[in-house]
Amino acid sequence: MARKNTKEKDSGKEFLQTLKELAYEKGIDEELLFETIEAALISAYRRNFGAAQNVRISLSRETGAFHVFAIKTVVDEVESDVTEIGLAQARAINPDYVVGDVVEIEMTPANFGRIAAQTAKQVVMQRLREAERGIVYEEYMNRSSEIVTGIVQRVEGHNVFVDIGRAEAVLMATEQLPNETYNYGDTVRAYIIEVKRTSRGPQIMLSRTHPGLLKKLFELQVPEIQEGVVEIRSIAREAGSRSKVAVWSSEERVDPIGACVGPHYMRVQAVVDELAGEKIDIVKWSDDPATYIANSLNPAKVISVAVNEAEKISRVVVPDYQLSLAIGKEGQNARLAAKLTGWKIDIKSETQAREAEQADGAPTDAPSEDQAAAEEA
């Protein structure tokens, strides 16, 4: 018997030590873990020894031993011996008891240790999984709008699942570059657009099309942006095809466009390569709308810009031979310029502007049908 008690005692201490180590390693509150195990043991006891029992189970923080206590109310006349105890019987335990007091009587079953150990193990594993999920969520919840690098684990349908370290993230079809394919083992750099808590752990959504990815890539490549000397004021992006980036410098001696382009185009080329060849126009931001709009139509040359600030409509005149360049293929250059500046842009050639003036007697602020695409903000 002494040998059995010693074995149980040693087993309890070993369990207790393991429990404490896991709590420390996984960052789980130790006392919360003890309380959760005790609550689970109550359910296990009722399941095995009587659902009607009102019991309290104590897990010793010193020895790791389990103790079951029946909770009974002191009454004059016992109607249910499961939840009540007579006054005389209670005073045999302690003469100070009176009617209405609560008595705890230890009644640990002989074979409860095995059930308790099994239940505790299940609870610990569940809590560890929950804790792991919680820790990962806490780690990534504040990393929204950051760039992460991961490895493609699998492709299901059009969705790509990426291992980003302690979590798995998903790159949905709508967030993928149209000219990219993803295979198992590929390295992917993407932008975290959302982190949600779910019952199966954190759900991390990635994007390769978000304008924020372009901004973060420039921040990585351009020291002047990291130092706060150069700022990216606006981005307009048609992912996988072309983007426009408006930049500004707080110091006159620093050319913001030159800083972003880099020596021998190295900085901007690194961003282009990361985005699978997406073309990038870098333009200078200005607080003067006319200047900013003219800059936004780069690489086209602009003769004049007339602005209607009340309606945020602008009329731009370009040389005849620059009209197609200013509008761009399928209106892309004008469309991106409008998104970048937030203005509606009506582009006319010199000849068109002159004909319009002759016909109306004055310039018109209304956008032409040819420039409908440019008016999409």
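Colleague: What makes Gly240 stand out in the hairpin of β10 and β11?

Modeller: In this predicted model, Gly240 takes a positive phi near 85° in that hairpin, where 3 residues lie between the strands.

Colleague: How do you know that β10 and β11 pair, and in which sense?

Modeller: Two strands count as paired when DSSP finds at least two bridges between them. Strand β10 (residues 230–238) and strand β11 (residues 242–249) have 8 bridges, so they meet that cut-off, and the sense is antiparallel. One of the pairs is Glu231 with its bridge partner in β11, Trp248.

Colleague: Which strands make up the closed barrel?

Modeller: The barrel has 5 strands, in the order β5-β6-β7-β9-β8, and the pairing is mixed. From one strand to the next the twist averages 50°.

Colleague: What packs on that sheet?

Modeller: Helix α5 (residues 211–221) does, touching β5, β8 (187–198) and β9 (201–207). Touching here rests on heavy atoms within 4.5 Å. The direction of α5 makes about 125° with that of β8.

Colleague: Why are β5 and β6 called paired?

Modeller: The requirement is at least two bridges. Strand β5 (residues 147–156) is joined to strand β6 (residues 159–163) by 5 bridges, therefore the pair qualifies. The two strands run antiparallel, and Arg154 stands opposite Phe161 in β6.

Colleague: Why is Ala39 called partly exposed, rather than buried or exposed?

Modeller: Buried means under 20% relative accessible area and exposed means over 50%. The value for Ala39 is 44%, which lies between those limits, so Ala39 is partly exposed. Ala39 is found in helix α2 (residues 30–49).

Colleague: How far is Ala39 from Ala294 in sequence and in space?

Modeller: They are 255 residues apart in sequence and 70 Å apart in space, taken from C-alpha to C-alpha.

How values were computed: Residues numbered from 1 in each chain as written. Predicted model: local features only at pLDDT ≥ 70, side-chain atom pairs only at ≥ 80, totals over all residues. Heavy atoms only, no water. Helix = DSSP H or I, 4+ residues; strand = E, 2+ residues; numbered from the N terminus. Axes fitted to C-alpha atoms, helices over the stretch in contact; angles between N-to-C directions. Buried < 20%, exposed > 50% of the residue type's maximum accessible area, 1.4 Å probe, protein only.
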